Amino acid sequence: MQATVEAIKITKEHLNSETASKYLMEKWSDWHWQIKNTIRKVETVEKILGIKFSDEKRNEINKTIEKFPMAITPYYLSLIDSDDYENDPVFKQCFPSIKELTISPFDMADPLSEDKDSPVPGITHRYPDRVLFHISNICSMYCRFCTRKRKVGDVDSIPSKDMILEGIEYIKNTPSVRDVLLSGGDPFLLPDEQIDWILEQITQIPHVEVVRIGTRTPVVLPYRITDNLARILKKYDNLWINTHYNHPRELTKTSIHALKKLANAGIPLGNQSVLLRDINDCPRIMKKLVQKLVANRVRPYYLYQCDLSEGLEHFRTNVGKGIEIMESLRGHTSGFAVPTYVIDAPGGGGKIPIMPNYLISWSTDKVVLRNYEGVITTYKMPENYEHTVCNLDCEGCNLQLKLDNDEADLKPIGISRLLCDYDDDITLVPEDLERDQRNKDIEELVV
Ligand SMILES: *Cc1c(COP(=O)(O)O)cnc(C)c1O
């Protein structure tokens with residue numbers, strides 16, 4: 001209780017920072033203090049924001065918290081505009097709503113089948129050359145729209161050291177993995193030494209070329225980006241970091257300072273946003289967000305359509321809204337500020353890019369395109385570009401590759417297999433196609 005009283009006092013003083021004492025400001029900017037004083041009770045939010053919910057509303061919120069716990073760092077809470085909190089994009093991302101208890105018919109606990117595509121606990125191996133590695137199940141702030149909502153606040157799923165070792169062992173024994181994505185939870189909630197140890201273990205594996213960390217700490221706990229952490233990260237020269245800003249308001253002075261430390265340590269920074277109803281489903285907000293990101297050396301990477309996780313329907317938008325936003329970005333602002341809009345396929349199909357149609361039509365010698373202004377143009381194809389048969393046997397080809405054959409590249413899959421001349425396959429057919437089954441039955445009858 002004592003901690004809560006202090007949290008309220010310091011948070012309130014911070015909101016009115018002219019009166020905050022140096023002592024209190026030092027505590028405020030210590031990330032351990034922020035974690036220790038994470039706000040988990042409705043009453044604390046009411047006291048800090050100076051608002052009062054009706055008993056009915058408070059009961060609703062508490063009922064929601066029972067199923068999906070609440071956690072808000074004092075820093076992130078301090079960004080809320082208490083005069084208009086109900087429409088506040090920060091409030092909506094961190095404060096529970098009874099709507100989370102509504103499960104719509106298409107919702108799933110694990111829409112991306114991360115648990116299914118998991119060769120060892122903590123690892124999701126979906127794509128040929130890269131894995132997702134959950135090294136932490138702790139977060140400083142519980143995003144209400146979390147795709148891994150099923151695990152939020154679930155003590156049982158905190159990865160143990162043995163589990164992490166098992167994951168590292170899997171990567172060591174799987175030479176096709178050249179890219180490791182450390183995620184969670186938030187990897188930056190682990191102690192510095194542990195982050196250092198994991199990075200050291202993984203970067204030592206000869207076939208691992210790239211390591212990425214996905215973290216929301218620059219947004220919700222920017223004080224976590226300490227000089228010491230930046231010094232540790234700087235040692236790893238194949239490390240990328242992806243962060244998660246959803247609204248331009250989240251790029252505060254403090255947050256920008258954290259980004260600067262990471263960028264100055266030489267780490268390429270990306271951002272993954274989620275398209276969220278009544279928070280950022282607006283072309284102007286998105287444009288502002290991506291422009292502010294690149295101004296701070298963060299490259300917008302993905303814009304996600306909100307997943308079909310249980311209790312997220314009130315956050316989901318139509319796909320058309322996402323396309324409309326993409327339409328408002330491409331051409332209208334710097335190309336490198338434009339993220340790829342993706343739907344992470346339910347059932348584990350991976351990310352599928354969605355964008356407006358720019359290719360309007362084509363003939364044997366021309367394509368017809370349109371640009372962002374609506375100008376329709378043509379591109380004339382060369383007359384003498386001949387089809388070269390490619391069966392992926394590079395021996396007989398004049399193009400210089402001069403690389404050791406990478407086995408994964410030698411066996412095409414999916415649409416790229418249909419496009420090349422690897423074998424005689426001309427279709428991709430569902431395994432349980434009823435028509436095939438019928439034909440088989442007929443064959444059996446004939447025999
Ligand atoms: C998103 C994701 C990746 C990384 O995909 P990229 O498109 O390379 O960023 C890898 N594995 C899983 C399971 C993912 O969900």
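**Exercises on a predicted model**

Just after helix α4, glycine 50 takes a positive phi of about 65°. This is a predicted model, where local features need pLDDT of at least 70, side-chain atom pairs count only at pLDDT 80 or more, and totals for chains, interfaces and linings use all residues. Numbering starts from 1 along each chain as its sequence is written.

**Exercise 1.** Work out which residues of α4 are buried and how they sit around the axis.

*Solution.* Start with the span: α4 covers residues 42–49; helices are DSSP runs (H or I, at least four residues), numbered from the N terminus. Next, pick out the buried ones (20 or more other C-beta atoms within 10 Å of a residue's own, with C-beta atoms placed from the backbone). That gives Val42, Thr44, Val45, Ile48 and Leu49. Their arc, taken from the directions from helix axis to C-beta atoms, is only 160°, so they lie on the same side of α4.

**Exercise 2.** Describe how α13 packs against α14.

*Solution.* First, the geometry: the axes (lines fitted to C-alpha atoms over the stretch in contact, with angles from 0 to 180 degrees between N-to-C directions) of α13 (residues 283–295) and α14 (residues 319–329) come within 9 Å and cross at roughly 55°.

Then find the contacts (C-beta atoms, placed from the backbone, within 7 Å): Pro283, Met286, Lys287 and Val290 in α13 meet Glu324, Ile325, Ser328 and Leu329 in α14.

Notes:
Helices (H or I, at least four residues) and strands (E, at least two) are DSSP runs, numbered from the N terminus. Two residues are in contact if their C-beta atoms, placed from the backbone, lie within 7 Å. A residue is buried if 20 or more other C-beta atoms lie within 10 Å of its own, exposed if 12 or fewer, and partly exposed in between; C-beta atoms are placed from the backbone.
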